[in-house]
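Here is a short briefing on one protein model. Look at the sequence and structure first, then read the points by topic.

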Amino acid sequence: MKKLSKKELATHRLEQQINLFQCPICHEKMKTGDGKLTCPNRHMFDLAKQGYINMVQQSKKTQYDQSLFEARQRLTQSGFYRELILAIESLLQSRDTEFLLDAGCGEGSHLAQILDKIDHQFGVGVDIAKEGIQTAAKAYESGQWIVGDLANTPFTDKAFDVILNILSPSNYQEFTRLLKDDGIVMKVVPGPEYLKELREQVFAGTDQEGYSNEETVARFKQFFTIKHRKQVYDEVALTEDQFQNLIQMTPLTQDVDLSRLRFVDSITLDLEILVGEK
Ligand SMILES: C[S@@+](CC[C@H](N)C(=O)[O-])C[C@H]1O[C@@H](n2cnc3c(N)ncnc32)[C@H](O)[C@@H]1O
Ligand SMILES: [Zn+2]
């Protein structure tokens, strides 16, 4: 049998899950047809040939470019965030999750790895960076990839059982709208020692060497009741290639001459998962 193209696959998937979508302009329900999502007021969003949809009206330039997302994808695919993915999977295992949103999914590897492991899920990755969504759509068929703004997402009220938000900005009013009444938000924030060997080099002698996430936690608590806080701590051995991908993919080094950074063969992964309910 002929293999479906990415666009055909996405069309089929969207036809089945069209109730998840609303127009980001007039907030009416959407219909599929002719390779597009259309609302009754004729706002239209084309399905790209790689199977993603751009649902922002005006593209926004972000600090993240194609090469950053590709480096991030290579690093994640090499297993760098393995302990984080395992921790998220184990938190998801005890729940019946049908609809999962990765809010600020970047190049999509975290969501794709989670969807590979857990059955019966419809996973949507949304990010404002078109380069990130293109990189995700090229690599992974398992998720539905959407260019969208977390401030005004193209999804219906109470559409999702789980919202993942990994090392990305949040919009808690929007998350509250999107979450089912018994749904959960899993926000992943850096812990004080996250990438400390790199921070020491980048921020030597400044007050940015350390990092506290207490303000982020306090803000999360204004919107959600915290059910768990789970720390993910790992010392990850790095090859030269992984180190190069790491320094290219992290916003930490955006104003730094990468050639001045010394190779380190091990780096600390210190993350915290906040699990909250409405
Ligand atoms: C540090 S990256 C993390 C990406 C991914 N979750 C990961 O862990 O690899 C932060 C992401 O948030 C996205 N982002 C920032 N503002 C956004 C917004 N208003 N709406 C959607 N995504 C946004 C960026 O484009 C970027 O991909
Ligand atoms: Zn509309």
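Helix α9 spans residues 240–249, and its buried residues are Q242, F243, N245, L246, I247 and M249. The model is predicted. The buried residues of α9 pack against α2, α7 (196–202), β10 (225–237) and β11 (266–277).

**Helix geometry**
- In general, an α-helix has 3.6 residues a turn, so residues three or four places apart point the same way.

**T250**
- T250 sits in the loop between α9 and β11.
- Is T250 buried or exposed? T250 counts as buried because its relative accessibility is 7%, and the cut-off for buried is under 20%.
- The T250 side chain reaches the backbone nitrogen of L252 at 3.0 Å.
- With neighbours within four places in sequence left aside, T250 is in contact with L195 and L198.

**Largest pocket**
- The largest pocket holds about 1,000 Å³ of space.
- Its lining is made up of 38 residues. Those nearest the centre of the pocket are Y64, L167, S168, P169 and P251.
- Elements giving two or more residues to this lining are α2 (66–77), β6 (122–127) and β9 (179–190).
- Which element gives the largest share of the lining? Strand β9 does, with four residues.
- By class, 21 lining residues are nonpolar, 10 are polar and seven are charged.

Technical notes
Residues numbered from 1 in each chain as written. Chains lettered and ligands numbered in written order. Predicted model: local features only at pLDDT ≥ 70, side-chain atom pairs only at ≥ 80, totals over all residues. Heavy atoms only, no water. 1 Å grid on protein atoms, 1.4 Å probe; cavity = no way out; pocket = protein on both sides within 12 Å on 5 of 7 lines; lining within 4 Å. Points joined across faces, edges and corners; volume = space filled by probe spheres on them. Nonpolar A, V, L, I, M, F, W, Y, C, P; charged D, E, K, R; others polar. Buried < 20%, exposed > 50% of the residue type's maximum accessible area, 1.4 Å probe, protein only. Contact = heavy atoms within 4.5 Å. Polar contact = N/O pair within 3.5 Å; in protein donor to acceptor, adjacent residues only side chain to side chain.
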